[in-house]
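Okay, thanks for coming, everyone. Let me put the model up and talk you through some of its charged residues.

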Amino acid sequence: MQRYSILWADDEIDLLKPHILFLEQRGYDITPINNGSDAVELASEKHFDVVFLDENMPGLSGLEALDQIKASKPNLPVVMITKNEEEHIMEEAIGSQIADYLIKPLNPNQILLSVKKILDNRRLIIEKTNLSYQQEFRKISMAFMDDMNHEQWADIYKKLVHWELQLDQSDNEDMSEVFDMQKIEANANFAKFVIKNYEKWLNDANADKPLLSHQLLKKKVFPALGKDVPVFLVVIDNLRFDQWKMIEPIIDDYFTVTNEETYYSILPTTTAYARNAIFSGMMPSEMAKSQPDLWVGEDEDEGKNNFEDEFLGKQLKRNNINAKFSYHKIKNLEEGRSLADTVNNLFQNNFNVIVYNFVDMLSHARTDMAMIRELAPDESAYRSITRSWFLHSPLLDILKTISERKAQVIITTDHGTIRVKRPFKIVGDRSVNTNLRYKQGKNLGYEGGKVMEATKPERLFLPKMNVSTSYVFATEDQFFAYPNNYNYYVNFYKDTFQHGGVSLEEMIIPLIFLNSKNAT
């Protein structure tokens, strides 16, 4: 076991010998001194894992010594010990980034707890996390054998995200490998579940079904309209549930999470299909049939999401909602800053929609840019980049401003992404779409039984280009590759984040309800 060294400065250090002996018996090396000046000098010359400082020493006080120690070694943990319980002393010490604050008379176990909290905290958390996950592993694996419904699958996915984030903090590679295998198993079973039930969800009125993209506004958002406060719907595209959990602590400073839900993206899990379904309140084939002027097909070069505001207006009218609304799509930094500067003007509206494209740009940039590949080589780094972006983004500035006034904020997304690893050979003509997780076309050639097939697209409410059009969706961590360019596809796209297919990450996505904490 690692031995830690502690520097302890107190002008009554001789009276603390029982406490020093208590710590030494438990494996800690103590260097006792009786003044602040020596504490500053020793701390700068030697390595210590933690420093105990008495606040009220003659000569250089504990607070003065603290400032000097932090100036030379800002990351060295310092515990302030004092008889003084005055609030301003505590605030000054805390403001100087102390690791702990203890009040005399000291209790040996109180000191030991402080030391363990500082020095052994990471090790103890890792050990507890690994043990807890081992216990949970069997429960999750057993659940795969049950005939789970959509709610139970959402719960399983939330549990997997929880443990993935916990294990991120761990150095135990073996445990991380065990988790990765369990997530692969989960996605394999989830794909079977979706293949078995998806068509039924869309065609059987009595089926036990999840909330789907085209039902989102009518069932979850519109009921919030018409109340005393404006509603802000923020659609951060491509935002997975684990990415939401990364930005949640930042948002928690400004909002209370009143409800954390999930819903299911329709197939294909792409912006063109899923997000248009959100704003139109229709499935893709219904949009193509009833609003052909707004629906852009796969065979057209035009942008697929240029009419979301018009889709939204028509859906509001169809539901007899006479709400004054705004729609803003943020595609770059300048557009985000512009909205951040004018967001207060939106409070005159009943309903405000903000579509933020950053996460989508990040996932595609990761495919296209070597630098992003270096920054986000794995899931953990991908989450970290999302958090870093959000922390410094105009979107956070927008949300901060909203939080200063009474408002209902709903954060969601259109679909998630999955890190693809295994190529799957498919053959098609030049009219086949380019997405790596689903293909639409005629005479598609592939090995059956390992993907989700839609030979009757109308049963999935998907448009048909011609009589023989079919769709095929990649499952688990597969991506489609053409045999004639096979090595290029494999080398270029393996370990990139893609969407369009069937996976927990793409289909089960966050729906978060927030209330302002600091509203006036």
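Let's start with Asp477, which counts as buried because its relative accessible area is 12% (buried is under 20%, exposed over 50%, partly exposed in between, with a 1.4 Å probe and protein chains only). The side chain of Asp477 meets that of Arg422 in a salt bridge, 2.6 Å from N to O; that term means a side-chain nitrogen of Lys or Arg within 4 Å of a carboxyl oxygen of Asp or Glu. The pair is 55 residues apart, with Arg422 in strand E12 and Asp477 in the loop between strands E16 and E17 (strands are DSSP E runs of at least two residues, helices H or I runs of at least four, numbered from the N terminus). Arg422 is partly exposed, at 36% relative accessibility.

Quick housekeeping: this is a predicted model, so local features need pLDDT of at least 70 and side-chain atom pairs 80 or more, while totals for chains, interfaces and linings use all residues. Numbering runs from 1 along each chain as its sequence is written, and side-chain values use heavy atoms, without hydrogens or water.

How many salt bridges does the rule give? The count is 30.
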